[in-house]
Structure formats: C-alpha cells, structure tokens
Amino acid sequence: MPNVSTRRVVITGMGAISALGVGAEALWQGLREGRSGIGPLRHQDAARVRVKVAAQVPESFDPAAGIDERTLTQLDRTSEFALHAADEAIQQSGLDFSKEVGARTAVIVGTGVGGETTQDEQSRRLYAENATRVHPLSIVRVMTNASASQISIKYGLRGPTFAVASACASANHAIIQAAQMIRYGLADTAITGGTEACISYVVLRGWEAMRVLADDTCRPFSINRRGLVLGEGAGIFVLESLEHAQARGATILAELAGGGMTADATDIVMPSADGAASAMTHALNEAGLAPEDVDYINAHGTGTQANDATETKAIRLAFGAHADRLAVSSTKSMHGHALGASGALELVAVVNAMRYGIVPPTANLDQADPACDLDYVPNVARDMPVRAALSNSFAFGGLNAVLALKRAP
C-alpha cells in the first residue's frame, strides 16, 4: 500500500436525479442550456401553503425501475433517489465489487432531512386520520442512514458505512469524509453523495415561517432576488484512489483534490463571510492550489439576501484580487435548493464544467446587485477552460464544506 498521506482521490462515476430529469446527463444538459426545473408545486396540500413553486423530480420518475418489490417497501422517497443515482454512478464506473473490492468500499451519504416523506405520511395517519398504527417499516424508512445502508446491502459493500447530516452542507461533508477514507487508507473505493426528498407539508410550512422562500423563481445574486426555492433529488459518486482506478483502466472524470470544513461558531442561521472564506482556503491548501489556479466556483448561491452578499464577500476574502477573474455561478437557479443533496447535484455541474470546458450559468440574473459584484456568468453558459474549481456548500448552524477539484490526471 502506498504512503497514505500521498494517496490521490479521483471520481470515476456519477449519477443524479433532479428537477431537470433522471440521470446525470439530464441534469447537465439542463444546466448548460440554462433551463429551469422550477415549476408549480405538486403536493396534495398545495392549496394550504403559501409557497406555490418547487424544483421537483419529474412525475415520469419510476421508483420501481431496477428495485425489487421487497426492497421497495422499505424505502422512503429519499432512499429511492439515492439507489437510482448510485446505480447510474456504479454502472458508469465499471466497478466490480466481488471479492476484496466490496470489503474495501465505503458508503457515506449525506441528507439534511432524511425520511421526511414517510414521517409526514405517518404523522398524517396518526393525527389527522386518527389511525392507531403506523406502517410497520416506518423506522427503516425514516432513519437517516437508510440510504447509505440500502446501497451497502444492494452491492454487498462492507467498508465503513454511515450517514452525514449537516443541513445544506450534508453532501459536501459526506464527499469529503469519503475522500479522506480513501486518502488515509481506510478504503480503496467509496460510494458517496447526497439525497433529499423534502417536499412535505411540514417542511414547506417550516420554511414558509422563516420567510426565505421565493414566490416565483430563484434569482441568485440578482438585486431583485426574493429567496430560495426548495428542490429534491440525489447525486451519488464513485470515488477511488488514483492507483486503484489506473490499475483497472477506469475512465477518470476528475480529481477530488481537497476539501475544507469549518464552523462559523456565531449564529444558527446568519452566515459568516470569515467562516466561509476559511473553508475555501482550507480546500485550496489541501488541494495544493493557489487562488490563481482556480477558474470556476460553483457557489452556494441560494438567492436569499443574506447568503448571496455574504458569499460574495467570502470569495473576495479567500481569493483577493483573483476574485475578479473567477467565473462564479449558482446552479440552484435551475435545480432548486435540494438541501442535503444540493452539493452533490452541484458537483455534477463542476465535474462536467471541467470535462467539457463549459461553465453553467446563473439563471434569472436580471439585474446586478452592487453587493454582489463578481462575474456570475449571467443566464448563458460560457465556453472556457476550467483547470480547477471549487464547489461551496454553507449550511444553517454555521457549517461550511468546500470541495476542490482538478481536471482528470
């Protein structure tokens, strides 16, 4: 085994389900076209909530495709998304988990809310319909680790397996943890990412009460932005050590060169520019990147007044004069804010930006905000080489997780 401190980590497979369609390719095509997946809210209680828009997985999604009936009865919607995205990622990677590979594969999946659809349905039965029992599989559907465990079981993966929950930074935290497992020799391969199915009556009401939901669409960094739009979906990736991928002749999509994780330790909801900037700097340092090496940042970019201005300030703190030469975009303007899955959906965008030399735009950027004065790639994708990139995720609780990526070696 090589010196674990020098192990490099690469991405060899990715899968996704999002408001832009089923599959990582559908997500990428929508993003490069600047097409929005935001639409009228589809929910049985839509008439009872003020919010009327969401970024939901298309109704054509078939949760039963490729999943046996017995397993399907155990799944909340969030696990359905995760399993389908994992299938796509593993198929693209070409990994065979027989023999020792499965024993050396970790499964780490982030989710901010977990099995909320099941929680909502069973609460309705108890409190609205006066039922005396809930579904006997409610616990295995609701538990936060369900998605990671179901992936482990389906593929016989016996390495470290657990869930990460850090609100909107969950996917990035999970991906960093998985990369560290490989970097430090605890695994050779990992299945990781994030999943979320948060369009429930209780969650909608909760976000409404915070008064940060947009009433029409998501406009990150625009002066007329009015808040975020809730989304759902999953993004799952196959990570490997570079030598493991090269030994089997795998196609390498990108190098996951570093990650930065910090806590603001200031306020439960108000973001800190210092905390976010520190996470970006840590990611650069671990990746061995100078600020001038980075061409693109996929921003957290929620479309709220506080987040977008604070993130702009944080990028300037971390990058100095080079901030004015960066391309920065928020793809939440198209796939919505999928909470714990957002970082995973955004990683699909970053990997493909480097592969194809196309930076996805910030959609709906109608009018620049003086407090948001970077190059946000407004409305139209841009052809440009991307040597290295960051992907930002900043969460309630003051939790920051940033991925640093390089083009495939």
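**Ground rules.** Buried means under 20% relative accessible area, exposed means over 50%, and partly exposed is in between (1.4 Å probe, protein chains only). Helices (H or I, at least four residues) and strands (E, at least two) are DSSP runs, numbered from the N terminus. This is a predicted model, where local features need pLDDT of at least 70 and side-chain atom pairs count only at pLDDT 80 or more, while totals for chains, interfaces and linings use all residues. Residues are numbered from 1 along each chain as its sequence is written, and side-chain values use heavy atoms, with hydrogens and water left out.

**Entry 1: helix α11.** I went to α11 and listed its buried residues: Ala-273, Gly-275, Ala-276, Ala-277, Ala-279, Met-280, Ala-283, Leu-284 and Ala-287. What covers them? The cover includes β9 (254–263), α12 (305–319), β14 (388–395) and β15 (399–407), going by contact, which means heavy atoms within 4.5 Å.

Then I checked the length. The expected span of a helix is 1.5 Å times one less than its number of residues. For the 15 residues of α11 (residues 273–287) that should give 21 Å, and the end C-alpha atoms are 21 Å apart, so the two agree.

Ser-272 caps the N-terminal end of α11, with a side-chain oxygen 3.3 Å from the backbone nitrogen of Asp-274. Just after the helix, Gly-288 takes a positive phi of about 70 degrees.

**Entry 2: helix α3.** I ran the same checks on α3 (residues 77–93). Its 17 residues should span 24 Å, and its end C-alpha atoms are 25 Å apart, which agrees. Is α3 enclosed or open? I found 13 of its 17 residues buried, so α3 is largely enclosed by the rest of the structure. Asp-76 caps the N-terminal end, where a side-chain oxygen lies 2.9 Å from the backbone nitrogen of Thr-78.

**Entry 3: the cores.** A nonpolar core is a set of buried Ala, Val, Leu, Ile, Met, Phe, Trp, Tyr and Cys residues joined through side-chain atoms within 4.5 Å. In soluble globular proteins, nonpolar side chains tend to be buried together. Here the largest core has 67 residues, and Leu-230, Phe-237, Leu-239, Leu-347 and Leu-405 have the most contacts inside it. Helix α14 (residues 342–356) provides the largest share of this core, nine residues. I also noted a second, separate core of 30 residues, which includes Phe-221, Phe-319, Leu-326 and Ala-404.

Leaving out residues up to four places away in sequence, Leu-405 touches several others, among them Ile-11, Leu-256, Leu-347, Val-351, Met-354 and Arg-387.

**Entry 4: His-173.** This residue sits in helix α8. Is His-173 buried or exposed? It counts as buried, at 12% relative accessibility. Its side chain makes a polar contact with the side chain of Ser-166 (2.7 Å). A polar contact is a pair of N or O atoms within 3.5 Å; within protein, one must be able to donate a hydrogen and the other to accept it, and residues adjacent in sequence count only if both atoms are side-chain atoms. Beyond four places in sequence, His-173 touches Val-164, Ser-166, Met-261, Leu-399, Asn-400 and Ala-401.

Entry 5: I found Ala-167 with a positive phi of about 55 degrees although it is not a glycine. Ala-167 lies in the loop between β6 (161–164) and α8, and counts as partly exposed at 27% relative accessibility. Arg-211 also has a positive phi, near 60 degrees, without being a glycine. Its place is the loop between α9 and β8 (233–241), and Arg-211 is exposed, with a relative accessible area of 77%.
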